[in-house]
Amino acid sequence: MHLLEKIGFGFERMVRLMSDSAELMLLASDDPASLEMTADEMRALGDDVLGRIVEHVAGIGRQPVRGDVAAEDLCRSLRESAPERGEPAADVLGPLFDEWIPRSFTTPSPGYLAYIPGGGLFPAAVADFISAATNRYTGVWLAAPALVQIEANVLEWFRTWMGFPGSTRGLLTTGGSMAAFNAILCARERHLGRDVRPGVLYTSTHVHHSVVKAARLAGIFEDRVRHIPVDADFRMRVDALEAAVRADRAAGLRPFMVASSAGTTNTGAVDPLDQIADLCAAEGLWHHVDGAYGAFFHICEDLRPLLPALSRADSLTLDPHKGLFLPYGTGALLVRDGAALRAVHGMSAGYLPGTPDPDEFYDPSQYGPELSRGFPGLRIWLCLKLFGAARFRAALAEKRALAVQAAARIGALPGVMMVAPPQLSLFAFHLTWPGATMEEENGATSALLERVTVRGRVMLTGCTVDGRFLGRVCVLSFRTRQAQIDACVDDVAAEAAGLLVGRG
Ligand SMILES: *Cc1c(COP(=O)(O)O)cnc(C)c1O
């Protein structure tokens with residue numbers, strides 16, 4: 001069939017399109033070397049995908065919150081060699097949407113209260129589509145100055161919200177892990193230079209493992225990472241930190257950095273950031289705060305006291321894909337003395353264009369390890385422009401309030417011991433009964449989470465702290481509202497009662 005017939009062009013339309021985009025018309029799909037699509041083909045593919053996405057998102061609350069993930073056989077059946085010829089879109093997209101996407105944890109579900117929930121705001125998906133389809137180069141300022149400025153604006157918004165000074169520079173990353181990595185590089189370069197081995201990093205026993213991994217990537221190996229014990233509220237003990245620093249100095253080592261947590265993954269604990277900041281100032285240590293889970297609560301003025309002295313940190317990990325409800329792959333780092341970040345990453349080459357004034361105009365490749373990259377700033381920018389910051393503050397305040405309410409109700413259930421009430425929007429508990437051993441309680445608590453999750457309305461996961469298994473509830477999905485909290489409390493109450501029958 002002739003191409004024009006196939007795609008149903010009227011004469012007028014053809015003329016208009018020819019003058020609009022002459023190159024599209026030249027690229028008939030019977031040209032074997034062409035990878036271009038016609039305007040109508042683009043529209044057809046886009047409409048197909050958009051239809052599937054809207055249907056998927058609209059039905060997300062009806063899917064079981066933990067999909068069927070026992071999928072070894074499915075994975076084996078998916079292995080194939082690279083296709084030699086293209087296939088129709090429907091054949092490719094059908095199984096993706098109908099079979100494979102649902103075989104996952106339903107992380108965008110309103111009932112997802114597991115781990116640290118992520119988000120997935122729709123405008124961010126649209127932003128990614130725009131970024132990829134227009135494919136401009138945001139690695140260096142000169143190639144897309146206005147787009148890079150948009151990204152600089154986002155970092156500037158983060159800086160103001162976190163109360164950091166004007167000297168701050170930052171970096172958008174793929175997540176908290178990469179933010180921590182770049183923070184440790186800054187501290188290492190600033191405090192140790194090339195003499196890396198004697199450097200010692202301090203963190204708590206409850207730190208996220210990604211910080212330890214980031215340290216290793218930055219050349220600070222496990223034998224130079226001190227895990228400081230925590231107090232009864234799972235916060236880093238500053239007296240123990242001070243003693244550890246003293247002991248290492250006495251042993252001829254060089255303490256250079258403390259990585260504290262503004263919300264741990266286990267129990268949501270916020271380390272005593274103010275006292276740690278004081279100690280770091282007195283001892284000349286770099287203070288990094290891992291705010292991957294908790295830092296965005298700082299944008300709510302009422303909640304700021306929960307994160308005291310966050311603004312005094314030398315560097316701060318943010319995870320917009322958690323606390324700002326963005327899709328996975330959106331992290332950020334702020335560094336108080338932006339020159340430190342630039343000192344690590346700044347570099348020139350004969351083929352690289354510079355910026356007119358590096359102090360005024362941000363250039364991502366001078367502040368981060370990557371050159372070519374996507375355009376993560378557009379995701380954040382578009383969501384904030386379309387919703388406005390006030391809506392994010394209201395959403396975060398609501399998640400915190402829901403967590404406080406859920407903890408009060410679950411904590412009041414017979415047989416529930418609330419071990420970690422919410423410091424932010426996460427709490428942890430276990431089942432208990434008279435005469436129970438810890439092992440028996442661990443088994444019952446673990447069974448409770450499984451039974452609640454199998455009911456399909458909410459998904460819960462736990463953690464083990466000093467041999468004790470804890471159930472956790474973390475409220476951070478933008479879709480979690482009162483209805484899911486009610487479902488969570490009801491399902492926990494029913495299953496806990498069932499598990500406690502005949503015990504104690
Ligand atoms: C999620 C998380 C991280 C790791 O961040 P990624 O975005 O998964 O790389 C680090 N610290 C805490 C407290 C977290 O919750």
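**Confidence first, then packing**

Averaged over the protein chain, pLDDT comes to 94, and 94% of the residues score at least 70. Keep in mind that this is a predicted model. Confidence is highest in strand β5 (residues 286–291), at 99, and lowest in helix α1 (residues 3–6), where the mean is 42. Over residues 1–12, pLDDT stays under 50, and the model has 13 contacts for them beyond four places in sequence. Residues 14–28 also stay under 50, with 18 contacts beyond four places in sequence. Where pLDDT is low, the predicted coordinates should not be read in detail.

Now turn to the helices. Find helix α7 (residues 122–134) and helix α16 (residues 376–387): their axes come within 8 Å and cross at roughly 130°. The crossing of α7 with α16 is right-handed. On the α7 side, the contact involves Pro123, Ala124, Val126, Ala127, Asp128, Ile130 and Ser131, which meet Leu378, Arg379, Leu382, Cys383, Leu386 and Phe387 of α16. Sorted by class, the residues of this contact between α7 and α16 are 10 nonpolar, one polar and two charged.

From α18, the contact draws on Ala444, Ala447, Leu448, Arg451 and Val452, while α19 supplies Asp491, Val492, Glu495, Ala496 and Leu499. The contact of α18 with α19 has seven nonpolar and three charged residues, with no polar ones.

Finally, let's look at the backbone in two loops. Which phi value does Tyr115 have? Tyr115 has a phi near 40°, a positive value in a residue other than glycine. You will find Tyr115 in the loop between α6 (89–100) and α7. Its relative accessibility is 41%, so Tyr115 counts as partly exposed. Asp466 is not a glycine either, yet its phi is positive, at about 50°. Asp466 sits in the loop between β10 (462–465) and β11 (468–474). Is Asp466 buried or exposed? With a relative accessible area of 76%, Asp466 is exposed.

Conventions: Residues numbered from 1 in each chain as written. Predicted model: local features only at pLDDT ≥ 70, side-chain atom pairs only at ≥ 80, totals over all residues. Heavy atoms only, no water. Contact = heavy atoms within 4.5 Å. Helix = DSSP H or I, 4+ residues; strand = E, 2+ residues; numbered from the N terminus. Nonpolar A, V, L, I, M, F, W, Y, C, P; charged D, E, K, R; others polar. Axes fitted to C-alpha atoms, helices over the stretch in contact; angles between N-to-C directions. Left-handed = near helix turned anticlockwise from the far one by under 90°. pLDDT = per-residue confidence, 0-100. Buried < 20%, exposed > 50% of the residue type's maximum accessible area, 1.4 Å probe, protein only.
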